[in-house]
Amino acid sequence: MKRLTQLFLAAACSVAFSLPAADAKKSPGYDDTPVIPGQTWKVHDSKRPHPPIVKPDVSPTLGAKPPAGAVVLFDGTDLSKWKSAKGDAPWKVESGYMEVNGKGQVTTKQSFGSMKVHLEFASPKEVKGESQGRGNSGVFLMGMYEVQVLDSYENVTYADGQCASLYGQWPPDKNVCLPPGEWQTYDITFEAPKFADGKLVEPGYVTVVHNGVKVHDRRKLNGPSGHRNVVAYKAHADKLPISLQDHGNPVRFRNFWVEELK
Ligand code: MG
C-alpha cells in the first residue's frame, strides 16, 4: 500500500507541470536555475519526471568480500582510513557500521582517480524530514562529483537530487531504494576526468549499480556537483580523496572498498 502511495506521489510529481501554478509549486525543486548543459532540464527542475519505482531483488553484492588488491576503506571496526578537516574522523562507529553524527564530512586519507567503489549504506530507520531533508548524505568522488545518498523510499524530491542521482545533473534510470534501515549497495565505476595544460581533455564518466540494478550507464559528468548551479570543470590532480557528506542525517555506511583502475 505504501508503495502504491509512492507510485502515486511520483506520478503526481511528474505531471505537476500540467497542474495549475499554485499546485505546481508544491513539487519539490526549482524553476529559477540554469539549464543543465546538453539537456533540456534545469538544475533541480521541479518539472523533471521521476524515474519509475522498481523493487529490486536482493543485491548480489550485499555483504560481498573485498576482492584481492582492493583498498578497504572501512571494514566495520575503525575510521583509521578517514580524516576530518580538523584531524581524526569523528563519526560514530558501532556494530560494524559508521554513522554520520553532525560533526562534518569525512574524507579518505588516500587519494584515488579512476576506480571501482563498493559500499553499503542505510537510511535512518526513524523517518524524519522530507525531500532533501530525509536521509541525505553523499559519496563525493574526488571530493567533488556526488553520487547522492538519500532516503528516496516514499519520499519525493527533485529528480536530479533523489537517491543515486548524479546530483544536479542526472536522475537515476530507476528508483530502487529500499525502506529506511535496510542495507543498500552501491557499486560505482568512475572514470576520472583528464586534463592537460590546465584544460579538460576528457570528461568524467560514472556507472552506478544500486542494489544490483544499473541506474547510470557510463553517464558523462558536466563537471563537479553543484547545488542550484552548474559548475564548470577546473583542472585538478589525477587522484584526490573521496568524501562522505554530513548533511545532518544519521546515515550509516559499511563494507566500503575501492579497486583502483588505470
Ligand atoms: Mg547529498
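Modeller: Two helices and 15 strands make up the secondary structure of the chain; helices (H or I, at least four residues) and strands (E, at least two) are DSSP runs, numbered from the N terminus. This is a predicted model, in which local features need pLDDT of at least 70 and side-chain atom pairs count only at pLDDT 80 or more, while totals for chains, interfaces and linings use all residues. Residues are numbered from 1 along each chain as its sequence is written, and side-chain values use heavy atoms, with hydrogens and water left out.

At the site itself, the magnesium ion is coordinated at 2.2 to 2.4 Å by Asn136 (OD1), Ser137 (O), Glu146 (OE), Gln148 (OE1) and Gln245 (OE1). Donors are N, O and S atoms within 2.8 Å of the metal (3.2 Å for Na, K and Ca); water is not among the atoms, so sites may look incomplete. Along the sequence, the donor residues follow the spacing N-S-x8-E-x1-Q-x96-Q. Asn136 and Gln245 link distant parts of the chain, for they stand 109 residues apart. Asn136 belongs to the loop between β6 (115–122) and β7 (137–141), whereas Gln245 belongs to the loop between β14 (243–244) and β15 (252–260).

Met142 is found in the loop between β7 and β8 (145–149). Although Met142 is not a glycine, it has a positive phi of about 55 degrees. Met142 is buried, with a relative accessible area of 3%. A further residue with a positive phi of about 55 degrees, and likewise not a glycine, is His44. His44 lies in the loop between α2 (21–24) and β1 (71–74), and it is buried, with a relative accessible area of 0%.

Contact means heavy atoms within 4.5 Å; among contacts between residues at least 6 apart in sequence, 68% join residues at least 24 apart. Of the 262 residues of the chain, 51% count as buried. Along its principal axes, the C-alpha trace spans about 55 × 45 × 35 Å.

Conventions. Buried < 20%, exposed > 50% of the residue type's maximum accessible area, 1.4 Å probe, protein only.
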